[in-house]
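Hello,

Here is the structure I promised to pass on.

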Amino acid sequence: MNNLVILPIVIPVITGMVMVIFRRDIKLHRLLSLAATLSILGIAILLMNQINALGIQTLQLGGWEAPFGVSMVADMFAMLLILATSVVATCCLIYAFQTIGKERENFYFYPLFLFLIAGVNGSFLTGDIFNLFVCFEVMLVASYVLISLGGTKLQLRESIKYILVNVISSSLFLVAIAYLYAMTGTLNFAHLSLRIAEMGQDGLMTTVSFLFLIVFSLKAGLFLFFWLPGSYGAPPTAIAAIFAALLTKVGIYSIIRMFTLVFYHEPQATHLLIGIMAAATMILGAIGAVAYADIKRILTYNVVVGVGFILAGVASFTPAGLTGSVYYLIHDIVVKALIFLLGGTIIHLTGKNKLKEISGLIRLYPSLGWMFFIAALSLAGIPPLSGFLGKIFITEGTFTAGYFWLGGIGLFTSLMVLYSIMKIFMSAFWGYTDYEEGELESPKGLLFPIGLLTLMTIALGLGAQGISQYVDVAIEGLMNTHLYIDAVLGLNPRI
Amino acid sequence: METLMSILVGVLFAIGLYLILTKSLLRIILGTSIVGHAVNLLIMTMGGLKKGGPPLLGLKNQTFTDPLPQALLLTAIVINFAITALFIVLCYRAYIVLGTDDTEQLRGNEHE
């Protein structure tokens, strides 16, 4: 029992509620939201050290013992993601202070942002599948409002599609939960894992696992990503960046959690399907990224490629592949926020979206240009930066599992990602400069959060030694299900 | 009873999906709402329907009705209600701003 575990959910919810009361005081909103994300950051670091020393931390809400009550479980994998989430959230908030505009701030931008963070953190921490659904919904409702906040024509049109897709996938999620409950009689992840290990994962159970896979794929943008490019292009930069960094990652986290802890008995069916879907996602995403000549489109298709690549590591179901997935997941959270903020800054400064109309920005904004260059290399996984390590491990994992086609597609699409992102760099930053010195506004304040994230991606690459011990603990927890089960159910002798 | 409920769930799903596939936004909202009801009934059926006594430990019932699906249902109903309300407001706003509730005409173009 550790009361710290609930705080990453409670802090943003309560801060958000307090903000709704003081709705006129925007300065207070900014201060409180920054304080909330920074305190979650502190708690995540604290909890990570506790997990390192004492093992997985749990909290049984209200003192109800594990399979009967609601349990919160903080294992290293979840805490690493919460740490990355709070870093990215802080940077996006600082960026939003200057770009989001008075209108949106007055209509509860900051409370909604914090509710989104609460939903994301809740999804990472929850220990039973129904609360996973509830936290998903908290996150999604906040995202529905954030995506339509401002009410431009484009936003309204895209948000209708986004909401419709997510409402249907939520219904399917409930259907899957209902079937799972009918077959196993429990909802707690640890208890589910025990029950399925006892009764064996038969064909019917594998079918239910496919239903879960469909639901999480819709949220993660794994193969079923048709809704993603449109809806991530609609909202303003700060919101699009936090969406790209976090929303798909929650789906990926759920896939990893369900298919390493609960449905791990039939990898030749479930994990192979994940692998095929990941390969298709990478190919289609890369084609999209190369085909468009519009900054937002290229970036959104890069989100899709990232999802496919992370799940290629999961599909291999080897320690190396999973290690790569965890590294790449953390890297992807940071670098997707970074690249979206950079792309948004280019659009914000020039007021243009099409690559053909932008050129020669490097003379006016040298630091922006070089940061874009670093982000592009990091996105493609060039050695000293953060994407490299994950890419190595995922490729190794897919090769040891015998999925050579999957690893090969991963490496090939990395090249296409590099090409697509370099296309933005070359056409926006090189060439003839149309603008005079001082004609466009200065990006000084905007560069601060971008610089922070750039430093993060360099630090994650050069200082991989520092986080490797935490990642190793996370992988140990993912590969050995009994660690998780013991931590949750160990206190209850009646199971 | 379970068989009857399963058929009802199937019928509700069919109606809901038919409505979701139509062009008018209002029909789509109604469709999502009906699918939501179908899902709620499904959860109820999956937990087992009327088996006998109330789920109280003191009564020593062997054939009690499982209370957990009903607790899940309450949460699901609340969430479904909130999202339907939000969706209706959003579609109304979209109708005002875009001037149409026909999904065919909502596609728009690149130049906006």
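Below I go through the contact between the chains, then a pocket and the cavities.

A word on conventions: this is a predicted model, in which local features need pLDDT of at least 70 and side-chain atom pairs count only at pLDDT 80 or more, while totals for chains, interfaces and linings use all residues. Residues are numbered from 1 along each chain as its sequence is written, chains are lettered from A and ligands numbered from 1 in the order in which they are written, and side-chain values use heavy atoms, with hydrogens and water left out.

Let's start where the chains meet. Contact (heavy atoms within 4.5 Å) links 32 residues of chain B with 26 residues of chain A. The two chains bury about 2,700 Å² between them, 82% of it on carbon and sulfur atoms; this is the accessible area (1.4 Å probe) lost on being put together, summed over both. On the chain B side, B:Met46, B:Ile83 and B:Leu90 lose the most area to chain A, together 20% of what that side buries.

Helices here are DSSP runs (H or I, at least four residues), numbered from the N terminus. In chain B, α1 (2–20), α2 (25–46) and α3 (68–98) each give two or more residues to the side that touches chain A, and α3(B) has the largest share with 15 residues. By class, that side has 23 nonpolar, five polar and four charged residues. Nonpolar means Ala, Val, Leu, Ile, Met, Phe, Trp, Tyr, Cys and Pro; charged means Asp, Glu, Lys and Arg; the others, Gly among them, are polar.

On a 1 Å grid over the protein atoms alone, a cavity is a set of points where a 1.4 Å probe fits but cannot get out, and a pocket is an open set with protein on both sides within 12 Å along at least five of seven lines; lining residues have an atom within 4 Å of a point. Points are joined across faces, edges and corners, and a volume is the space filled by probe spheres set on them.

The second largest pocket holds about 1,100 Å³. Among its 30 lining residues, A:Pro67, A:Phe68, B:Asp66, B:Pro67 and B:Leu68 are the closest to its centre. α3(B) gives the most to this lining, with four residues.

Best wishes
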